[in-house]
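Work through the exercises below with the sequence and the model in view. Each task is followed by a solution in steps.

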Amino acid sequence: MTLIPELTILQPADKEQIDLPRTSEEELAVGKKRLYIESYGCQMNFADSEIVAAVMRNAGFATTSSAEEADVIFLNTCAIRDNAEQKVRHRLKHLTGLKRQKPELLVGMLGCMAERLKTKLLEEEKVVDIVAGPDAYRDIPKLVEEAESGQKAVNVFLSREETYADISPIRLNSNGVTAFVSIMRGCDNMCSFCVVPFTRGRERSRDPYSIVREAQDLFDRGYREVTLLGQNVDSYKWVLGAGSEEREVEPAPETPHRRAAPSSLLAPTTTFAHLLEMVALIHPDLRVRFSTSHPKDITDDVLHTMARYDNICNYIHLPAQSGNSRVLKLMNRTYDRPWYIGKIDRIREILGEGCGISTDMISGFCTETEDEHQESLSLMDYVHYDYAYMFAYSERPGTLAAKKYADDIPEDVKKRRLNEIIARQLSHSAERNQRHIGQVQRVLIEGTSKRSDDFLCGRNDQNKMVVFPKGNHQKGEYVNVLVTECTSATLRGQVVNE
C-alpha cells in the first residue's frame with residue numbers, strides 16, 4: 001500500500017492547510033518499535049504531535065515516515081470543520097486495508113476529533129484501538145500497552161492544570177530554523193461557532209521560565225525563530241504560587257547580547273507582554289512571533305513591547321470573523337465592528353502602517369444577510385489585511401451556534417460569498433506586497449525554494465515569504481533582500497549588502 005498523494009508536508013501558501021496532514025520523519029533506530037504520526041489542523045496540533053513523539057520516545061519508540069513500517073499509527077485530528085473530520089474518516093479507510101495486512105498494527109486517534117467523539121469513535125471506526133484527548137498524552141504509553149493486550153483504550157479526560165511544561169518536544173518536520181513553543185492550552189472564549197473550548201478544555205498558562213528555557217535551548221541548537229502558540233496568547237497569565245511551585249526567581253545574567261531583565265519581569269504575575277519581553281531578551285538574533293490573538297485581549301502593553309524590540313516580529317494575526325456587529329454578537333465575539341476598527345487603528349498608531357495584519361473570515365454564518373456580508377467586505381477594504389484564512393461556515397455539533405441558531409444560509413450562497421471574500425483578499429494581498437517593492441527586507445533563510453534549488457526562501461518581519469537567488473548563503477542566515485517584484489503570496493528580489 002502506498003500513501004495517498006495528499007499526505008505531504010504543506011507549504012504556507014497552501015490554503016487547505018487545515019485539512020491536510022503533516023507526517024512524522026524517519027528516525028534512525030535499531031530494535032525499537034516504530035511510531036508514525038499524521039497531524040491535521042492548526043499549529044497547536046503540530047506542536048502537540050511533537051509532545052507525543054517525546055512521550056513515546058521515552059517509552060522506547062522511534063518515529064518513522066512510513067505508515068507501512070509502523071507498529072503504532074496516530075492520527076492527531078482537528079474538529080474545527082466537518083471537512084477536516086471527513087479527511088480523517090477517509091484516511092481511516094486506507095488504514096483499515098493496511099491493518100488487514102498487519103493485524104498487530106495499532107491505530108490511535110488523538111486530539112480534538114478524539115475529544116469531541118470520545119468512545120463513539122470506537123463504535124463508528126472499528127479500525128481504531130486508542131482514543132486520547134489533548135490532555136491525555138502522558139498516558140499514551142499506558143494506552144498502547146492496554147491496546148496491545150487486545151483491549152480498546154480511551155482517555156479523554158480534560159485537565160485544568162496540564163501544560164506539558166516539563167516535556168521537551170521532539171521537533172518533527174523541522175527545518176532547523178523555526179519552531180513552535182506552546183505557552184498555554186485551552187480556551188475560555190465561548191465563540192458560538194467554535195468547538196475548541198469543548199475539545200481542549202479551560203484556559204491555563206504555562207510557567208514562563210520553562211518557556212524561556214525551551215526558547216533558549218532552541219536558540220543554542222541553531223534555531224533562529226520561535227512562534228509562541230496558544231488559542232488566545234494575549235490572555236496568557238501566570239501567577240507564581242497559583243498551581244505552580246513556589247521558588248526564587250533567578251533572572252538571567254547579563255551577557256554582551258542579553259540585557260538584565262526589567263524589574264516588571266520579576267513580579268509574581270507574568271502577563272503576555274512580560275513573556276514576550278522575556279523571550280525577546282534571549283538574543284537579538286532570535287526572532288519572536290506569536291499566534292493567535294483575540295481582539296478583545298491584545299493590549300497596548302503588548303503593542304508597545306513589540307515596538308520596543310526589533311526581534312519581535314511586526315506582525316499580528318487578529319481574527320475578525322465578520323465585519324457586521326449583529327453577526328459578531330451572534331458569534332459571541334464580545335466586540336462590535338467599531339471596537340474592532342478601533343483596535344486596528346491602535347495597532348497602526350503604535351506599530352505603523354508597515355505592521356503585517358492577517359485575519360480569519362467566515363462567510364454565511366447563521367442568518368447573515370447580503371448587506372451584512374457586504375460589511376465584511378468593507379471591513380477588509382478598511383484594514384487591507386496582508387492575508388487571511390477564509391472559510392464558509394460549518395456547523396459543529398455541540399457548539400452554542402448549533403444549539404441556538406439554524407444553519408440557514410444555502411451552501412451555494414456561502415460559497416459565492418466566500419469566493420467574493422477570497423477575491424477581495426487576493427487584491428489586498430497584492431497591494432500590500434507591492435508596498436515592499438524597492439524596499440530592503442531582512443529575511444531569515446528557511447531553506448530552498450520549492451520551485452528551484454537555485455533559489456532560497458525565508459520570511460521577512462511581516463511574515464511574508466521572500467524568494468531570492470541562492471548565491472553563497474545558507475539556511476539559518478539573515479540576509480538583506482532588495483524586493484524587485486511580487487505576487488499576492490510572495491516577494492522576490494536580490495540579496496544586497498545594506
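A contact means heavy atoms within 4.5 Å. The model is predicted, so local features need pLDDT of at least 70 and side-chain atom pairs count only at pLDDT 80 or more, while totals for chains, interfaces and linings use all residues. Residues are numbered from 1 along each chain as its sequence is written, and side-chain values use heavy atoms, with hydrogens and water left out.

**Exercise 1. Describe the surroundings of E214.**

Solution. Start with its place: E214 is in helix α7 (residues 208-220). Helices (H or I, at least four residues) and strands (E, at least two) are DSSP runs, numbered from the N terminus. Next, take exposure. Buried means under 20% relative accessible area, exposed over 50%, and partly exposed in between (1.4 Å probe, protein chains only). E214 has a relative accessible area of 11%, so it is buried. Then list its contacts: leaving aside residues up to four places away in sequence, E214 touches P169, R171, F180, V181 and R206. Last, compare sequence and space: A165 is 49 residues from E214 in sequence, and their C-alpha atoms are 9.3 Å apart.

**Exercise 2. Find the largest cavity and describe its lining.**

Solution. A cavity is a set of points on a 1 Å grid over the protein atoms alone where a 1.4 Å probe fits but cannot get out; lining residues have an atom within 4 Å of a point. Grid points are joined across faces, edges and corners, and a volume is the space filled by probe spheres set on the points. The search of the whole structure gives one cavity of 30 Å³ or more. The largest cavity holds about 90 Å³ of space. It is lined by 13 residues, of which I51, P169, S182, R206 and E214 are the closest to its centre. At least two lining residues come from each of α1 (43-58) and β8 (178-182). By class, the lining has seven nonpolar (Ala, Val, Leu, Ile, Met, Phe, Trp, Tyr, Cys and Pro), four charged (Asp, Glu, Lys and Arg) and two polar residues (the others, Gly among them).

**Exercise 3. Check the length of α1 and decide how enclosed it is.**

Solution. The expected span of a helix is 1.5 Å times one less than its number of residues. After α1 comes G60, with a positive phi near 95°.

**Exercise 4. Which residues touch the most other members of the largest nonpolar core?**

Solution. A nonpolar core is a set of buried Ala, Val, Leu, Ile, Met, Phe, Trp, Tyr and Cys residues joined through side-chain atoms within 4.5 Å. The largest has 71 residues, and L228, F272, V279 and I316 touch the most other members. Helix α8 (residues 272-280) gives the largest share of this core, seven residues. Another core, of 26 residues, lies apart from it and includes L35, I37, V52 and L106.

Note on methods
1 Å grid on protein atoms, 1.4 Å probe; cavity = no way out; pocket = protein on both sides within 12 Å on 5 of 7 lines; lining within 4 Å.
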